[in-house]
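Biologist: Hi! Could you walk me through this one?
Modeller: Happy to, here it comes.

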Amino acid sequence: MELLLGGSAAASAAVFTNPLEVVKIRMQLQGELQAKGKFAVHYRNVFHAAFQILTKEGPLAIQKGLAPALSYQFVMNGVRLGLYHVAEKQGLTKNASGKVDTLRSILVACACGGTAGVIGSPFCLVKTHLQAKANAKEIAVGYQHSSEGMAAAFRSIYGKYGVQGLWRGMTTTLVRLIVVSSVQLPTFAKAREFVTSKQIFPEGSVWNSFLASLLSGLLVSVAMAPFDLVSTRFYNQGLDPVTGKGLLYSSVRNCASKIFKAEGVLGFFKGWTAIYFRLGPHTLLSLVFWEELKSMHKSYTIEQQKL
């Protein structure tokens, strides 16, 4: 049930934030391995990118990759949030006095994030391919994969590269989720504990989760930006049809090194505003939905026990 609640919360949030994910992917791929001023700028900022996609590709394009995005969020966050919830219930994130222990929370969150990254990687791979693909060539950025939908993408990758191909780039999302989880889950737990202790709102109020998630979302967007960019670039690169090796990057380290040499430190923060606009609402909606679903399940369980 914990896995189901966590996955449902994240998938519900993804319905609203997927357009920002499409914009983020495009901005991260723009000017790949090119110095500033050496490439055409199709997407000047978040709003311009959304406008370009809507006007050049049509209204449905802003929700590209929705099926794998929902699947990814359900599977990945179902595991991540679900396992973290189990750990909370078992007292693994608290100290002897019953309060949230920062170090324990970080360690548990890292383990949960790493596990989720391994399981959800194929969905993230396909999602990136579909969201990067532009219907209009004049605004295309990065490598353009040919698959038209989630099922076709899975068939194509598996047919060419087997099971191993579905988990290509897993280490990038593994690292990204460990970083995100180590920041997001402990800060949310600590912030919620603080807000609740101040009794600004009644205990159990959705507003406690709301305020806590605002802080968590801000910190996550800063911490994960470089890792998210590396993950996007590594997932989306084209592959050699014979060897199956990446055309641009041979490893995560190689990817990060090439980005630094060609684009500098700021290259790792390309599309940062899109990450912020996407992660803030997504973190907020995911954690608030998660808290509400847990509360509803707890109430339902109590009512069932009374019968």
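This is a predicted model: local features need pLDDT of at least 70, side-chain atom pairs count only at pLDDT 80 or more; totals for chains, interfaces and linings use all residues.

Biologist: Which residues is Tyr43 in contact with, leaving aside its neighbours within four places in sequence?
Modeller: Tyr43 is in contact with Arg26, Met27, Gln30, His48, Ala49, Gln52, Ile53, Ile139 and Val141. Contact here means heavy atoms within 4.5 Å.

Biologist: Which residues touch the most other members of the largest nonpolar core?
Modeller: Val23, Met27, Tyr43 and Ile53 do, in a core of 17 residues. Such a core is a set of buried (under 20% relative accessible area, 1.4 Å probe, protein chains only) Ala, Val, Leu, Ile, Met, Phe, Trp, Tyr and Cys residues joined through side-chain atoms within 4.5 Å.

Biologist: Which element gives the most to this core?
Modeller: H1, with five residues. Helices are DSSP runs of H or I with at least four residues, numbered from the N terminus.

Biologist: New topic: where is Ser8 found?
Modeller: Ser8 sits in helix H1, residues 2-29. Ser8 counts as partly exposed because its relative accessibility is 24%, and the partly exposed class lies between the buried cut-off and exposed, over 50%.

Biologist: What does Ser8 touch, not counting residues up to four places away in sequence?
Modeller: Phe74 and Leu293.

Terms used. Residues are numbered from 1 along each chain as its sequence is written. Side-chain values use heavy atoms; hydrogens and water are left out. Helices (H or I, at least four residues) and strands (E, at least two) are DSSP runs, numbered from the N terminus.
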